[in-house]
Amino acid sequence: MVGFNKNIMRTILIASYVMLIALIVAGVSSVFSYLNTGADRSTMLHTEIQKVEQYLPKVVWEPIQNEGRPMDKKNLKSLENNYLDAWYVRQVAYKTNKIAGIKDYYTESARENLYNLIEHNKGENITIESTTLKHNPTLEFFSEDGQLAVITDKDVVEYKRVFKSDKLVLETTETSTYKIIFLLEDGFWRIRHLVKKNTKPYLNNSKTISVNNLNIKGINYYPQATPWNMFGDMFSKDTIAKDFKFIRDAGLNSVRIFVQYEDFGKANVDVKKLEKLKQTLDAADENNLKVVLTLFDFYGDYSVMNWTLNQRHAEKIVAFVKNHNALLAYDIKNEPNLDFDSRGKDNVIAWLDNMMDLVKRVDDTHPVTIGWSNTESASILKNKVDFVSFHYYEDLEDLNEAIKTLKTEINNKPIVLQEFGLSSYRGLWKPFGSSEEDQANYHKKAQEIIAKNNLQFMSWTLYDFAEIPKEVVGRLPWRKRVQGRFGFINQNGETKPAFKYISKE
């Protein structure tokens, strides 16, 4: 019996060995077969940096009039993609001082300089955060055998920050011209040679936009049933139009609405969301309201490597709405100073600065502001914004002095109190909170201060809300309950005492 069991075990082992060899042979054969079919090799090569939406600077090609063989659109797009990927992996390498991905986008001879610089930076504890924001390539030559291409990339806008021992030592934006030679290897365009020349400081040509006719008397708006999800599945233009009529009849002339970066599809903006945004603007126009459009909300990643994705998001939205009659102004970002501690103040300000440049390049007609969460931050980038906006939820007794201080720093631009209000929640989670009568007295006094200081304003908010997403104030019930009672209209659709003071008129 023992001998019989050994024979069975031996047979099983031999069979398993044969099957394993067969699987290996089949796998190798499949690889050779795959490569010989001429199929896309991107799943076999370029494994360190996956082809995802990671780097989308603005690219504007000159008309194709190159010497040599004509290049079709598909080949040109492949060249462009590999070229941008080469920029991306180089920037990752400079930031991390690691060489992952470089061999996939640079030929052997071109890698040497990159490797040497990375090794030097590593030894000196230097890191570089950088991105290119715009490319203007010209195809100069494409060889008859389709294996070599030459481009000139003029006025490449490049932003960089240099750190030594984690301390910022240089921040600069410059334009340069590059001459690049590519070789086609393994189905990919790799950089063989890259020469940088004609570097000069970047000159921002964005202008200050007139705000002579700015006269904001408005309110921050979300539909009552879908707060912070205005453009979701329950979107209703009829509901919004009804609310906008109510707002106009209350003596207001404007609303502030919000675009959420993730919700709108990030760099690939969802066309269905854009259509809902258009319907919202249409509803505002039909009711003689103007719209302040906040371009970024629920977003807090200001890393340089993501700037091009953020800019494509803003570019598409601004280009889509800029000719709409209801549009009044752009608010770049809601309360960005709240991210100073977690993301770094310098990072946030640099992101805002460059985003304003981008918005003004796309639309040089509508003014731009930033929705700062307090008066202390409101003077940041005061020379770039067209009007200054701040939010105020502190004691009204201190507001006059805060405005006085702000006006000494900003004496030549309109100031908008863009958010203010008081919750009327008093209940289980906050038994000593404010009543509806307290809320009414708050708004009465706020309007007196607004009139005294000749401020423009947008209160928070039209409605009380039953559901508050955790992303707004977290999960704690006492915070969510308070957040839900800032409205002038309660959850039963009845106006609260504060409604009498929704406008200073």
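Predicted model: local features only at pLDDT ≥ 70, side-chain atom pairs only at ≥ 80, totals over all residues.
**Entry 1: the α2 and α4 pair.** I started with two helices and noted that α2 passes α4 in a right-handed crossing.

Two packed helices are described by the angle between their axes and the distance between the axes, and I looked up both. The axes of α2 (residues 73-96) and α4 (residues 108-124) cross at roughly 25° and come within 9 Å. Angles under 35 degrees count as roughly parallel, and α2 and α4 are therefore roughly parallel to each other.

Which residues meet there? On the α2 side I found Arg90, Ala93 and Tyr94, and they meet Leu114, Leu117 and Ile118 in α4.

**Entry 2: helix α5.** Next I went to α5, which covers residues 237-249 and has 13 residues. From first C-alpha to last, α5 reaches 18 Å, close to the 18 Å expected at 1.5 Å a residue.

I then checked which residues of α5 are buried, and got Ile240, Ala241, Asp243, Phe244 and Ile247. Looking down the axis of α5, I see these buried residues fall within an arc of 165°, so they line one face of the helix.

On the face turned away from the buried side, I noted the exposed residues Asp238, Lys242 and Asp249.

Conventions: Residues numbered from 1 in each chain as written. Heavy atoms only, no water. Helix = DSSP H or I, 4+ residues; strand = E, 2+ residues; numbered from the N terminus. Expected span 1.5 Å × (residues − 1). Buried < 20%, exposed > 50% of the residue type's maximum accessible area, 1.4 Å probe, protein only. Arc of directions from axis to C-beta. Axes fitted to C-alpha atoms, helices over the stretch in contact; angles between N-to-C directions. Parallel < 35°, antiparallel > 145°, perpendicular 65-115°, else oblique. Left-handed = near helix turned anticlockwise from the far one by under 90°. Contact = heavy atoms within 4.5 Å.
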